[in-house]
Amino acid sequence: AHVSLAGGSVLLVQENSIFKLEGTVEEAQVRFDIGEFLIGVRKLLKGRGFRVRTPAAVAAVRGTLFWGKTDAGRTATFAGFGGTLTVRAKGRSVALKPGETTTVRYGEPPSAPAKHDVPKSYLKTFEVDGSLAGADALADPSLP
């Protein structure tokens, strides 16, 4: 599924995902109980935010492209493809740059950022009718 958000941002979701859009235009969030997603958020206006909540962590987003998933064991994994993503859990935050990943097990803080092995070509699995709804334009061109 592709969900268009305010300001040209997009939420791309794999099948069998369970999620809910919440909040306001100023403070939007998506809550994933389980599933896999690719989110492209263009630069937000000052004072506006976008968050992704999973059972294990919260990701704060501003002008970025990132992939994530949360599984039945309530473990969340995030990987950055463009911009910076901040992931918080259990009072600890980590900032992911393009090419980095973190894993958060339920009830634990995020792991230290590490190089991710999710190729940009994997993003094509989120295409609908051959389109990524412009999310691919947010990817860092230096990533393999």
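**Core contacts and surroundings**

Guide: Setting aside neighbours within four places in sequence, Val 52 is in contact with Val 30, Phe 32, Phe 37, Ile 39, Ala 57, Val 58, Ala 59 and Phe 66 (contact means heavy atoms within 4.5 Å). The model is predicted, so local features need pLDDT of at least 70 and side-chain atom pairs count only at pLDDT 80 or more, while totals for chains, interfaces and linings use all residues. Residues are numbered from 1 along each chain as its sequence is written, and side-chain values use heavy atoms, with hydrogens and water left out.

Val 52 is, with Ile 39, Phe 78 and Val 87, among the residues with the most contacts inside the largest nonpolar core, which has 23 residues. Such a core is a set of buried Ala, Val, Leu, Ile, Met, Phe, Trp, Tyr and Cys residues joined through side-chain atoms within 4.5 Å; buried means under 20% relative accessible area, exposed over 50%, and partly exposed in between, with a 1.4 Å probe and protein chains only. At least two core residues come from each of β2 (10-13), β4 (27-41), β5 (49-53), β6 (58-61), β8 (76-82), β9 (85-89) and β10 (92-96), where strands are DSSP runs of E, at least two residues long, numbered from the N terminus. The largest contribution to this core, 5 residues, is that of β4. Apart from this core lies another, of 14 residues, including Val 10, Phe 81, Ala 139 and Leu 143.

Thr 70 belongs to strand β7 (residues 64-70) and is buried, with a relative accessible area of 3%. Beyond residues up to four places away in sequence, Thr 70 touches Phe 32, Asp 33, Ile 34, Gly 35, Thr 54, Pro 55, Thr 75 and Ala 76.

Strand β8 also pairs with β11 (residues 100-104), antiparallel and over 4 bridges; pairing requires that DSSP find at least two bridges between two strands. Thr 77 stands opposite Thr 103 in β11. In turn, β11 is joined by 2 bridges to the antiparallel strand β12 (residues 114-115), with Glu 100 opposite Lys 115 in β12.

As for charged side chains, there are 2 salt bridges, each a side-chain nitrogen of Lys or Arg within 4 Å of a carboxyl oxygen of Asp or Glu. One links Glu 22 and Arg 31, whose closest N and O atoms are 3.3 Å apart; Glu 22 is partly exposed at 22% relative accessibility, and Arg 31 is partly exposed at 33%.
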